[in-house]
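Please look at the two chains shown here before reading on. The paragraphs that follow begin with the place where they meet and then turn to each chain.

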Amino acid sequence: MSVSPTWLGTVAHLHITARAFLPMRGMPAIELVAGQGIRGDRYMIGTEEGFYSAKPEAGRQITLFEEEALECIRRDHGITLLPEEHRRNVTTRGVPLTHLVGRQFRLGDCLLEATRLSIPCRHIEEILEKPVFDPMINRSGLNCCILEGGTVRLGDAIRPA
Amino acid sequence: MRHIRTVLRAAEPAGPAIRLLTLMDPDGWPLPKFRPGAHVDLHLPEDRVRAYSLCGDPAQQDRWLVAVKREATGRGGSAFLHDGLAVGDAVAASLPRCTFPLAPDAMRHVFVAGGIGVTPFLSMAAALDRGGGDYVLHLLHRDAVPLPALLPRATVLHDTAAAGRPALAALLGGPAPGLHAYCCGPPGLIAAFEAATAHWPGGQAHVEHFVPPPLLPDPEARPFTLVLARSGRSLDLPAGAPLLPAIRALGAEVEASCEGGICGACRVRWLEGPPIHRDRVLRPEERATDLMACVAGCAGPRLVLDL
Ligand code: FES
């Protein structure tokens, strides 16, 4: 018999940006649209302003990053990467993102399905002028599609569906 | 999407044959941050790329100021930015890069600028004014003063048409511990500056040439000839030039995603090399036939690809 681990996390930070390369903006709340993306973000369907917009995939609708990974990068590499710098939309606390590929989970009242692990992109080093590409390999967050939309706020719970 | 989209929001004359451009995001979103002394590449029609220092205050995040001097003998980039670009037009730009930074440990900075070469010092002065840094800007000019409205308080003007070029050694006053000197301007001024600082301790005299070096060069890199076997086209690459844009310039299509050698998108078969791999996706036996174009170089004189 397998024991399924239980976890309960929270939303620590929320960020969007209008276009590739531009700074991420911290938000108290974001609005998710099922099958489309986050209102105002570069990867929202119909916006196509992201670095990867020419290669659409469902998992670009919303991306998540563990706050714990920021702490690891500081500890292991001495590099301070801020929540607005990893360029994912949701910074999570207490969520085992790497174990969620292929699964559904709740972000606030919204329902997400994780499509794959994110991979880092060299262009983040150009943007930040920090050598974060190597430290981000294998801890670069999670790509998800949005099955049920709604509003997500700072402090909202994240839990298995 | 490789470039930053900006829109020309304002343009005004700002000194002899100088047009000052204000570039902003189409929706007024903050632009990427830049460090004092940084520049951007502007991508102009006909694949022309021109580098310009950002001469505004780095703390003002919603706009980039770029000062363009009309170069009568130039290659047409400055003429386009003077005559061909109207307020409201789109301008594609690169991320800011800083190859001419302020020395972080300096106690005093002496800037020597020749004419339009004053531009990188304007963002430095704004940052130092904000942080209470100690500096002086010596601006040598032959015609009217460039960018008069943007010059900082601590500017000393030297009219070289009236008095000739001042003795740089006297302006610099150094060397001294904590004193850093910087020069940007025409080649003759840079040469005079380098002569005047030749006896300074290493790393305390800095010059900015108008052509920036490529980003993150590989010290081991050597020049080679890139050959595409199927089309027969070839291109000579200088040491450290990136492969992917060169392949594309020859008309071949290669996917790319991470551009850091880990995602596997840009895999290409090679026929002659040997390549310098630098990726982290290919296994040793795969490297015998394939390379990742986003990070690979070449150890031999020719790199032939199956494209
Ligand atoms: S683009 Fe990812 S390995 Fe080259």
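Two residues are said to be in contact here when they have heavy atoms within 4.5 Å. This is a predicted model, in which local features need pLDDT of at least 70 and side-chain atom pairs count only at pLDDT 80 or more, while totals for chains, interfaces and linings use all residues. Residues are numbered from 1 along each chain as its sequence is written, chains are lettered from A and ligands numbered from 1 in the order in which they are written, and side-chain values use heavy atoms, with hydrogens and water left out.

On that basis, 24 residues of chain A and 25 residues of chain B take part in the contact. Together the two chains bury about 2,200 Å², of which 57% is on carbon and sulfur atoms; buried area is the accessible area, found with a 1.4 Å probe, that two parts lose on being put together, summed over both. Of the area that chain A buries against chain B, 24% is supplied by A:R19, A:F21 and A:P23, more than by any other three residues.

Charged pairs also cross this interface, where 4 salt bridges are counted between chain A and chain B, a salt bridge being a side-chain nitrogen of Lys or Arg within 4 Å of a carboxyl oxygen of Asp or Glu. A:R19 forms a salt bridge with B:D27, and their closest N and O atoms are 2.9 Å apart. By class, the side of chain A that touches chain B has 14 nonpolar, 2 polar and 8 charged residues, where Ala, Val, Leu, Ile, Met, Phe, Trp, Tyr, Cys and Pro count as nonpolar, Asp, Glu, Lys and Arg as charged, and the others, Gly among them, as polar.

Turning to chain A itself, its secondary structure comes to 3 helices and 11 strands, taken as DSSP runs numbered from the N terminus (H or I, at least four residues, for helices; E, at least two, for strands). Along its principal axes the C-alpha trace of chain A spans about 45 × 40 × 30 Å. Within this chain, A:R139 forms a salt bridge with A:D76, the closest N and O atoms being 3.4 Å apart. That pair links distant parts of the chain, since A:R139 lies in the loop between α3 and β9 (142-148) and A:D76 in helix α1 (residues 67-77), 63 residues apart.

Chain B is divided into domain 1 (3-94), domain 2 (108-209) and domain 3 (224-305), with bounds that come from an automatic or database domain assignment. The C-alpha centres of domain 1 and domain 3 of chain B lie 33 Å apart.
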